Amino acid sequence: MTRTALRICPLCEATCGLVLTIDQERVTHARGDRDDVFSAGFVCPKGASFGALDADPDRLTRPLVRRDGRLVEASWAEAFEAVAAGIGAVTAEHGGEAVGVVLGNPNVHTMAGGLYPAQLVAALRTRSVFTASTLDQMPKHVSCGYLFGDPNAIPVPDLDRTDHLVLIGANPLVSNGSLATAADFPGKLKALRRRGGRLTVVDPNRTRTAAAADRHVAPRPGTDAALLFAMVQVLFAEGLADPGELAPHLSGVAEVRAMAADFTPESVAAYCDVPAEDIRTLARELAAAERAAVYGRLGSTAVEFGTLASWLVDVLNALTGNLDRPGGAMFPLSATARAPRPPRPGRGFTTGRWHSRVSGHPEVKGELPAAALAEEIDTPGEGRLRALVVVASNPVLSAPDGLRTDRALAGLDFMVSVDPYLNETSRHAHVVLPPPPPARSAHYDFAFSTLAVRNTVRYSPPAVPLAAGTPDEPEILARLILAVLGQGGPDADPALVDGQAVMRRLGSETADADSPVHGRDPADVAALLGGRTGYERRLDLMLRLGPYGDGFGAELDGLTLATLLDHPHGIDLGPLGSRLPAVLRTASGTVELAAAPIAGDVPRLLAAVAGGDERRSLVLIGRRHLRSNNSWMHNVPVLTGGSNRCTAQLHPEDAARLGLADGALARIKGDGGEITAPVEITDTLRRGVVCLPHGWGHDRTGTRLTAASREPGANVNQLLDGSRLDPLSGTAVLNGFPIQVEPAG
Ligand code: SF4
């Protein structure tokens, strides 16, 4: 019998509500949910293909365990016993530090990924944690950490109310938005223009978003920090810096002014390849707008000066009075955040509490750079990584120097991958634990609710029941945690993991004088939790202790999981509100505009502006496709082809100079190696830039990716050797690095 079910789409950061049509427990159709309080019916080709992705025949349905060198199907009990034995053998001989954890980007798109990884890391007692953040947005965390004292306090553009939006290195008409969760980003940009607002895009590529803008500025890749600094200089020089009501919350304004003095538009114009007068115009337009927001994304973060660029985005928001006010850059307040407490000085943000073994990279947010993963495995010596726990990550394709990572993984004593596919990374595992398809998983967006341009709360229970004898993803991760603790036997109870998390949170809440449950018995409060599963009880706990929660009786009409279940299309919690100073965790209790580590990196930028040597060579930048997200969707035939192709885009003049015709094969060389890719000539790119998408290179043996291996594409990250990093954040330079290009013959 055909039925419908609601499900929040997990395939990108827009978190659209979907209506799934289900026939015999199979998703046959997906459309946008018009009643969804956040997305109001919006859907893109990826969401519409939810059923094809869910039913991909290459998805693993049973665990795999390596026996006699081959991965073979095994029972869940056998798989967890193998994990306990494998991790146990390594830790017994080499200690917990010999085990690393690798967490991929899909973790922020699943409910389980939001709940269990921290407990997994704690169980292993390892400091070797690598995530996709250092291939992506870590510079924003670091800059916000120094500015606001909390690396997760990230302001987002108030898209529905702004009059002037400046996008730096972002293409939301294709990506559907990132670090700014907004369903129907295209519709919001159209609405901005309809109400008389202006859109400015700074991007070396005339992307779809840039083509739709009122103003497009195309600097050299990787030079955004200098361009933004020059805008700051103009604000001060022309008397346009006016934080307004924000002023009492700011410190370091004079220091920023002094630093900016070295970055006049004339001094950076050649480096950025943007006329000085155009930079002045950008600054003047920003200052003149009634309500404006500057927003930077991957093109401004995964670059040489990613943290400086991310910092300057919010410096501009602050100096123009647009930080934390409607229509500017505002802090969302998610339903599972801690309920606001009275303002009190925090401890501030710091990095470098420990360092990586081989290259001495500082820890950032408890992580080491993903670019350092291979060397931490294959460099001999005390403390070498000998085992990995990999959750939803494919570093062979996503981290720099995939070939080295490939070889390093092959040399591990033990590796377990939680992954639905036998892909370029999981093929090296000794145990593969496949989670069920998304339709069979519950969904709550812990991460993206903290980045949403409107506060809402939504929850999707599983749309389709699990197959008999199959654990859901929360149970897999809970049992994995028990297994690494040596409790991999069939009697291991995953509820212990959820119970422990609940009691730990309640222990600290009941001891906190500002908590609504202060002074109560944690066990009594835990007994009040609703929910059918451990993860639902944890969600209920967070909602009830959150800013909109019932506080376990303190607020009669407050939010609970039961309320949320009564609202299947979600609950609208209203537009973003001002949150300063409550959001601050800096030691001074102010927005610290000129933190010492940030200021300490400015001379490096000055030196680059003065040098400019590499800038004369060809450089590479990445791009997103509407029908893809990283390496996830290359195995879904309905989404491959068309624009979702791994081509090397070049400007016609560069192609002619290099003797490359459209469709010809180009050989591209970088620090880490070389690849070949078909040429696509386009005048949307500025001269001197080659553009390739990431997440391709499905040509390895031993995978089970039937459709992807037919059109494997080239792994662009193979062009990197892992040595180019933004030093403050440890983020790999994936945009604006030098390459050479020639015909492949
Ligand atoms: S925009 Fe993102 S969340 Fe919305 S349907 Fe498409 S993939 Fe899903």
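Guide: Helices here are DSSP runs of H or I with at least four residues, strands are runs of E with at least two, and both are numbered from the N terminus. "Buried" means under 20% relative accessible area, "exposed" means over 50%, and "partly exposed" is what lies in between, with a 1.4 Å probe and protein chains only. Keep in mind that this is a predicted model, where local features need pLDDT of at least 70, side-chain atom pairs count only at pLDDT 80 or more, and totals for chains, interfaces and linings use all residues. Residues are numbered from 1 along each chain as its sequence is written, while side-chain values use heavy atoms, with hydrogens and water left out.

Back to helix 5: this element runs over residues 117-124 and is mostly covered, with 6 of its 8 residues buried. Just past helix 5, Arg125 takes a positive phi of about 55°.

The domain assignment, which comes from an automatic or database source, gives domain 1 as 2-54, domain 2 as 60-126 + 369-443 + 459-493, domain 3 as 138-337 + 581-602, domain 4 as 494-569 and domain 5 as 617-743.

Next, the ligand. Around it you'll find Cys9, Leu11, Cys12, Ala14, Thr15, Cys16, Phe42, Val43, Cys44, Lys46, Gly47 and Asn176, where a residue qualifies if one of its heavy atoms lies within 4 Å. Sorted by class, that shell has 8 nonpolar, 3 polar and 1 charged residues. In this scheme Ala, Val, Leu, Ile, Met, Phe, Trp, Tyr, Cys and Pro are nonpolar, Asp, Glu, Lys and Arg are charged, and the others, Gly among them, are polar.

The loop to look at is the one between strand 3 (26-32) and helix 1 (45-48), where Asp33 lies. Asp33 counts as buried because its relative accessible area is 3%. Leaving out residues up to four places away in sequence, Asp33 touches Leu6, Gly17, Leu18, Val19, Ser39, Ala40, Gly41 and His569; a contact here means heavy atoms within 4.5 Å. Pro494 is another story: 461 residues along the chain from Asp33, with 34 Å between the two C-alpha atoms.

Ala40 belongs to the loop between strand 3 and helix 1 as well. Ala40 isn't a glycine, yet it has a positive phi of about 50°. With 54% relative accessibility, Ala40 counts as exposed. Gly41, in the loop between strand 3 and helix 1 too, is partly exposed at 23%. Gly41 touches Gly32, Asp33 and Arg34, again not counting residues up to four places away in sequence. Follow Gly41 across to Ala183 and you cover 142 residues of sequence, but 9.1 Å from C-alpha to C-alpha.

How does domain 1 meet domain 3? The centres of the two, taken over C-alpha atoms, are 33 Å apart, and 10 residues of domain 1 are in contact with 11 of domain 3. Together they bury about 760 Å², 56% of it on carbon and sulfur atoms. Glu13, Phe38 and Phe42 supply 66% of the area that domain 1 buries against domain 3, more than any other three residues. Buried area is the accessible area (1.4 Å probe) that two parts lose on being put together, summed over both.

Leu179 sits between helix 7 (172-175) and helix 8 (185-194), is buried at 8% relative accessible area, and has a positive phi of about 55° without being a glycine. Gly321 lies between helix 15 (306-319) and strand 14 (329-330) and is buried at 7%. Beyond its neighbours within four places in sequence, Gly321 is in contact with Asp242 and Pro243. Lastly, Leu580 and Pro581 are joined by a cis peptide bond with omega of about 5°, and Pro581 falls in the loop between strand 19 (571-575) and strand 20 (591-592).
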